[in-house]
Amino acid sequence: MSEISESVDPSTVTPKPVVWQWAVSAVLVSLITALGTTRDFYYSSMASPFLSVALLSAFVILMVLRRSWADLLIASAGALLLGGFDVGILRFPNGAASWFSFLGMSSFAVLGLRAIWTQNRDERKVLIAAFLPAALFVGSDYMASTLLDITEKLHPKVLDLYLLSFDFSLRYPISFATGKLLLTWPALRFVCMLFYIGLPLPLALVFAAKLRQGVNRAMPVMLAFLVTGPVGVFFYNLIPGIGPSHLVGAMFPLNPPPIHDIMRLKLESVLMPPGPRNAIPSLHMAWVLLVWWASRGLASWIRVVALAFVGFTILATMGIGEHYFVDLVVAFPFALMVAAACSYTVPLSNPKRLAALLWGTLAMAAWFTMLCFAGKFFWISAVIPWTLAAATVGVSVLLEARLQAALEMKVPATTPASAPLLTAPDIREMAHHA
């Protein structure tokens, strides 16, 4: 839609608008409108705090990629129209989560229409690279509950006693102490929950910022974000866990079991009521690690946001009782394994990528084996679990830095001309097509 300067290569410019552009635009707007006004989708997704933030991630991508006041106004107007229809006419419940969803779905429409109507082929490539992965990520979040339901049905019994035993072998109940901290400081708990629920936003932020540097730099990052969920669910089935607050109930977090009682505890699977078996590895921790690692080389404020999500996610995951300390430790090699597997721009034969992939995979296997079959080994001395945890985190961080160095050498940073700021002629052109 933007005017192309004379310096632009004519081979990158598409012809004037044709029938297919009008047809695809109509289909796109119709699909988003139909989905946004469907009662089942509204109640299951648009009114959900978690999924509404996933939808809002499209707005973050649009703003970072385009940096356009016109796109902001158009996306906001679309959100008002959709929200007015759903809340005012269809009488759907009105809430903050719903308005996040309205803005996100409107942003999807703007991204799609931008990709359809731009006259620059390179710009279209970038916009499509933004639109499709963002849609897939929202779809992945939508399907996550289904995968977790399957895991829950497959494992009525959980192995939480094994995870609890490791945590207490440290001689300090970290998850209980973190829970007590958040209970003592309600404001801190509130902030932690905001970061916990807002996870899709830094994913979108870093992906869009990477996309401005080049498609080849962004796609491995988004691929890692996408596969983390389903791969993580696979590991949930190896050691199904439900979290300390569910295991001990009202005892969490103020009344942790005595350490000497846990030392003599018989490790076995226990039958638990329905609930997600999603303790180890902590995917929240894995995702924020991937965000932090991928933010290297981006603007300082993005790095600060990424680091804040790492810190508050550590507090939130344990503080609300959904995860044990060991879940977060194992998230490090898990995230490294995913990052290395998705770094397709670097040959698998590259020693740095291969080392990261092998360490991540073998460390995961070692942890799962030790937790299941060598639980008493951790109790010999507190030095053993602390050393293993520190070594796992330290080696994972070191190998990730080497992997990142290999990625930087293979795909140098470039700022594509395919994501320009909107100009006055663009606005006139958009108004003309509207």
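# Exercises on a predicted protein chain

The protein chain averages a pLDDT of 89, and 90% of its residues score at least 70, where pLDDT is the predictor's confidence in each residue, from 0 to 100. This is a predicted model, in which local features need pLDDT of at least 70 and side-chain atom pairs count only at pLDDT 80 or more, while totals for chains, interfaces and linings use all residues. Residues are numbered from 1 along each chain as its sequence is written, and side-chain values use heavy atoms, with hydrogens and water left out.

## Exercise 1: confidence

Find which element has the lowest mean pLDDT and which has the highest, and locate the stretches where pLDDT stays under 50.

Solution. Begin with the elements: helices (H or I, at least four residues) and strands (E, at least two) are DSSP runs, numbered from the N terminus. Helix 19 (residues 424-433) has the lowest mean pLDDT, 43, whereas helix 16 has the highest, 98. Next, turn to the stretches: residues 1-8 stay under 50, and the model has 17 contacts for them beyond four places in sequence, a contact being heavy atoms within 4.5 Å. Residues 415-434 also stay under 50, with 36 contacts beyond four places in sequence.

## Exercise 2: aromatic pairs

Determine how many aromatic pairs the whole structure holds, and describe the geometry and burial of the pairs Phe168 with Phe176 and Phe235 with Phe334.

Solution. The criterion comes first: rings of Phe, Tyr and Trp (its six-membered ring) pair if their centres lie within 6.5 Å, and planes under 30 degrees apart count as stacked, over 60 as edge-to-face and the rest as tilted. A search of the whole structure with this criterion finds 20 aromatic pairs. In one of them, phenylalanine 168 and phenylalanine 176 are edge-to-face, 5.8 Å centre to centre with 80° between the planes. Both phenylalanine 168 and phenylalanine 176 are buried, on a scale where buried means under 20% relative accessible area, exposed over 50% and partly exposed in between (1.4 Å probe, protein chains only).

Phenylalanine 235 and phenylalanine 334 are likewise edge-to-face, at 5.8 Å centre to centre and 85° between the planes. This pair links distant parts of the chain, since phenylalanine 235 lies in helix 11 (residues 215-236) and phenylalanine 334 in helix 16 (residues 325-342), 99 residues apart. Phenylalanine 235 counts as buried because its relative accessible area is 11%, and phenylalanine 334 because its own is 0%.

## Exercise 3: the buried face of helix 2

Work out which residues of helix 2 are buried, how they are arranged about the axis, and which helices they pack against.

Solution. In helix 2 (residues 39-46), the buried residues are Phe41, Tyr42, Ser45 and Met46. Seen down the axis of helix 2, these residues fall within an arc of 105°, so they line one face of the helix; the arc is that of the directions from the helix axis to the C-beta atoms. As background, an α-helix has 3.6 residues a turn, so residues three or four places apart point the same way. The buried residues of helix 2 pack against helix 1 (19-36), helix 3 (49-66), helix 4 (69-89), helix 5 (96-117) and helix 6 (121-154). Tyr42 also belongs to a cluster in which ring pairs link Tyr42, Tyr43, Phe92, Trp99 and Phe102.

## Exercise 4: the surroundings of threonine 317

Solution. A polar atom of the threonine 317 side chain lies 3.2 Å from the backbone oxygen of isoleucine 314.

## Exercise 5: backbone exceptions

Solution. Most residues other than glycine have a negative phi, and most peptide bonds are trans.

How values were computed. A polar contact is a pair of N or O atoms within 3.5 Å; within protein, one must be able to donate a hydrogen and the other to accept it, and residues adjacent in sequence count only if both atoms are side-chain atoms.
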